[in-house]
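Please look through the structure below before reading the notes that follow it. They are arranged by topic for a reader new to it.

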Amino acid sequence: MFLNDDFLLTTEPARQLFHHYAKAMPIIDYHCHLDPREIYEDQPFNNLTAAWLYGDHYKWRLMRANGVPESHITGDASDYDKFLAWAKTLPKAVGNPLYSWTHLELRRFFGVSELLNEDSAPAIWEQVNRKLAEPEFTRRGLIRSSRVKTICTTDDPADSLVYHKLLKEAEKDFSVFPTFRPDKALNIDDPGFPAWLKALEEAAGTPVTTYAELLDTLRARVEFFHYHGCRLSDHALDVLRYRAGSAAEAQAIFAKRLEGAELSQEEITLYRTELLTALIGFYLDKGWTMQLHIHAYRNNNTPMFHKLGPDTGYDGINDLSITESLSKLLDRAECGSGLPKTILYSLNPGDYPALLALMGCYQKDTAGKMQLGSGWWYNDTLSGMRQQLTLLADNSLLGNFVGMLTDSRSFLSYTRHEYFRRVLCGLIGELAERGEAPDDMDLLGQLVRDISYNNAAGYFGFPSAE
Ligand SMILES: O=C[C@H](O)[C@@H](O)[C@@H](O)[C@H](O)C(=O)O
C-alpha cells in the first residue's frame, strides 16, 4: 500500500482528479534556494549524499533528533557514513513527510522501491550512485525529468546574475529566473551591512553613500533583475514592526549607521519600514509579485550558529501577533500607488486566519491578487497543507491559488509537487465524496489543473522563452 499509485488518494474522485488532471501538469517552481551556478554547470552528483544531504537542514534536524553526531551530519565523516546515518534515522520518521519524500524520491528518480534502512542502505547506495553517474542524472537532467518549466531562484540585489544569463543562452527546456531578495538592504543592524553596501556598489557601479543613493541603486537593480526575467521579490520578515517616518529620517539613520554608531530599535524599525515601503512601490511599478515570508524565529542555537551559520536547522517559529504591523504596511501602500500582487507566508500556522482576513481587504483587479502562500517549511506536511488549503477555501477562492513551490536546496525535491497535488486532490475528492462539492470532474478537474500549474503561469507573467 505504501506509496502505491493511489497514495493519499482515499476516494474515487480524488483518484480521478490526480491521475486524469493534476499528475501530468508541468511544474512552475516559483520559489526555491537552488544555486544558479550549480544549475548552469550541470555537474553530475558524486553520490547520493551530495544530492540528498548536503544543505538539507530538514534531514539534519531529524538526524540530530536521532542522536547522530554532527560529524555525520555536517562534519567530516565520509559521505557513505552520512548516508548510513540518514538510513538509520529514517525508520523512526514514519509519519514525517520526509519519510514519504525520501521514498518518493528513490522511486521516481531512481526506480528504487525498497524501504531505506540500515540493512538496505549498502545496496541502495550502490544502485543510486550508479544512476547518478549516468548523463541524464545531472542537475539539469533531474530538472528535465521532473517536467519543470520554470524555476525561480532566490538572489541578492548585489548578484551579477551571470549564471542566469548563461542559462538563458544554454538551456532551452526550462527557464531559470532570479528573485529579488533584498534582506541585506533592510538588515541595517547586521554587522555585515557596510560590507554588503560595498558589494552593492560594485555590482551596480554606482556609489551608495546616502539613503537616496541606496534607493536609486536598488531601483536600478530592480530594473536589472527585471531585464533578466525576474518577476518576484522576496523578503524574510521574521518580526513585523512598523514605524512610519520620512526619507530624511531614514537618511539620518543610514548616516548614523555608516559612522558606526549603535542604532535604537525605533531607528531600525523606521529605516526598515521606509525602505520596505519604497521597495513595494518599485515592485508595483514592474508588475512583480511580492512574497513576504513572515515569522521565522531564527538561529536559536548560538554555538551552532557560530559553527554552521544560518539555515542549518536551528530556526523556530515566531509567535508574535501579525495583523497590526502588517495592516499598517499594506494599508500605507494601498493609500499610495497601491499594492503589488502579494503572497503572504507565515511559519506560524496560527497566523493563517489573520492573514486570510487581512489579505481579503486588499483584493482587487487581478484574480487572486493577494495570496496565502502554500504551507511553508514546518507546515509543508500533510496536515499543514490540508490546513492551509482548508482555511484558504473557507476564507477566499481556492480556485485562484497559485499552488506549490519547493523552497528547496535540493534537485530531488520536485516530488514535493506530486505530494502536494495528491494532498490537493485528496482533499477535494473528500469534499466531492461527502457531497460538499459537486462530483463534477470538469469543474473539479479544471480547479486542480489550475492550482497545479495554470494559475501560476498566468499570475506571475514570466517572460516567454523566445
Ligand atoms: O524550507 C525551508 C527553507 O528553505 C528555509 O531555509 C528558507 O525559507 C529560508 O529560511 C528563507 O528564509 O528563505
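Asp365 is exposed, with 7 other C-beta atoms within 10 Å; a residue counts as buried if 20 or more other C-beta atoms lie within 10 Å of its own, as exposed if 12 or fewer do, and as partly exposed in between, with C-beta atoms placed from the backbone. This is a predicted model, in which local features need pLDDT of at least 70 and side-chain atom pairs count only at pLDDT 80 or more, while totals for chains, interfaces and linings use all residues. Residues are numbered from 1 along each chain as its sequence is written.

**Residues with positive phi**

- Asp365 lies in the loop between helix H17 (352-359) and strand S9 (370-372), helices (H or I, at least four residues) and strands (E, at least two) being DSSP runs numbered from the N terminus.
- The phi of Asp365 is near 70°, a positive value in a residue other than glycine.
- Asp407, which is not a glycine either, has a positive phi of about 55°, and it is found in the loop between helix H18 (382-395) and helix H19 (415-433).
- Asp407 is buried, with 20 other C-beta atoms within 10 Å.

**Around the ligand**

- Asp407 is also one of the residues surrounding the ligand, together with His33, Ala236, His293, Ala296, Asp311 and Trp377; a residue is near a molecule if its C-beta atom, placed from the backbone, lies within 6 Å of it.
- This shell divides into three nonpolar, two polar and two charged residues, where Ala, Val, Leu, Ile, Met, Phe, Trp, Tyr, Cys and Pro count as nonpolar, Asp, Glu, Lys and Arg as charged, and the others, Gly among them, as polar.

**Paired strands**

- Strand S4 (residues 232-237) is mostly covered, since five of its six residues are buried.
- S4 pairs with strand S5 (residues 289-294) in the parallel sense over six bridges, pairing being assigned if DSSP finds at least two bridges between two strands.
- His235 stands opposite Leu292 in S5.

**Helix contact**

- The axes of helix H12 (residues 211-227) and helix H13 (residues 247-258) come within 8 Å and cross at roughly 100°; axes are lines fitted to C-alpha atoms, for helices over the stretch in contact, and angles run from 0 to 180 degrees between N-to-C directions.
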